Amino acid sequence: MVSKQKIMIVDDDNNIAELISLYLTKECFECKIVNDGEEALSAFPSFQPNLILLDLMLPGMDGYQVCREIRHKSNVPIIMLSAKGEVFDKVLGLELGADDYMIKPFDSKELVARVKAVLRRFQPAPSAPSAPAGKYVEYPDLIINLTNYSVIYQGMTIDMPPKELELLYFLASSPNQVFTREQLLDHIWGYEYIGDTRTVDVHIKRLREKIKDHPSWSISTVWGIGYKFEVKS
């Protein structure tokens, strides 16, 4: 019997949390509700969720702090929930490691769809580097595998959220081709992110922190246009 995927719902409004839990339980997810940041961090190791729905406006430790703490020890997907719709708030959430950001109030069907989409994209990387299989690209010291969502850099498996990996794979699949930020948003995030081009810049920055330039290739900025995966001759 296949075990249910587990969702931790972190929200101080218990009515909203219960409603979210109801919809997700109907979709055969196992849910756990916690009402503040400290409780979330305490429950995380034992519950081991497959995904966290994280409200930003929490008493005491806010959602940004919770996200930062979890990212220090885990790559679990995080969808932030907030009444704040400004670009700054979205970008800050993404910079701290969130995989998606939804503005309250939201449609329950959209929330369920986003949860399923993030979980489909996210698969833990293998415990040790192995021969690549399936859909992948390979360069000196770099293997990006979209089939099992793994990145092997200089012989080491690199933890990477789904969107970062998809962006890296997309660029590396078309070496030396320049893509505008709008094109990357359309291909990787879809129509709902059109116009929020800083999302791309945030993810490129995070990729460069993990994958340093190589003598044979680099993630290059094309000023005034966008980015490319540059392969050097």
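Helices (H or I, at least four residues) and strands (E, at least two) are DSSP runs, numbered from the N terminus. The model is predicted: local features need pLDDT of at least 70, side-chain atom pairs count only at pLDDT 80 or more, and totals for chains, interfaces and linings use all residues. Residues are numbered from 1 along each chain as its sequence is written, and side-chain values use heavy atoms, with hydrogens and water left out.

**View 1. Loop between strands E8 and E9.** Glutamine 154 sits in the loop between strand E8 (150–153) and strand E9 (156–158). Its phi is positive, about 50°, although glutamine 154 is not a glycine.

**View 2. Loop between helix H1 and strand E2.** Cysteine 28 is placed in the loop that runs between helix H1 (14–26) and strand E2 (30–34). A positive phi, near 70°, is found for this residue, which is other than glycine.

**View 3. Cis peptide between lysine 104 and proline 105.** The peptide bond joining lysine 104 and proline 105 is cis, with omega about -5°. Proline 105 belongs to the loop between E5 and H5.

**View 4. Arginine 120 in helix H5.** Helix H5 (residues 108–121) contains arginine 120. Arginine 120 counts as exposed because its relative accessibility is 59%; buried means under 20% relative accessible area, exposed over 50%, and partly exposed in between (1.4 Å probe, protein chains only). From arginine 120 to glutamate 39 the C-alpha to C-alpha separation is 27 Å, and the two are 81 residues apart in sequence.

View 5. The protein is divided into domain 1 (4–120) and domain 2 (134–229), with bounds from an automatic or database domain assignment. Their centres, taken over C-alpha atoms, are 25 Å apart. Domain 1 gives 12 residues to the contact and domain 2 gives 14, where contact means heavy atoms within 4.5 Å. Between them the domains bury about 1100 Å², 53% of it on carbon and sulfur atoms; buried area is the accessible area (1.4 Å probe) that two parts lose on being put together, summed over both. Asn75, Leu94 and Asp99 lose the most area in domain 1 to domain 2, together 42% of what that side buries.

**View 6. Side of domain 1 that touches domain 2.** H4 provides its largest share, five residues.
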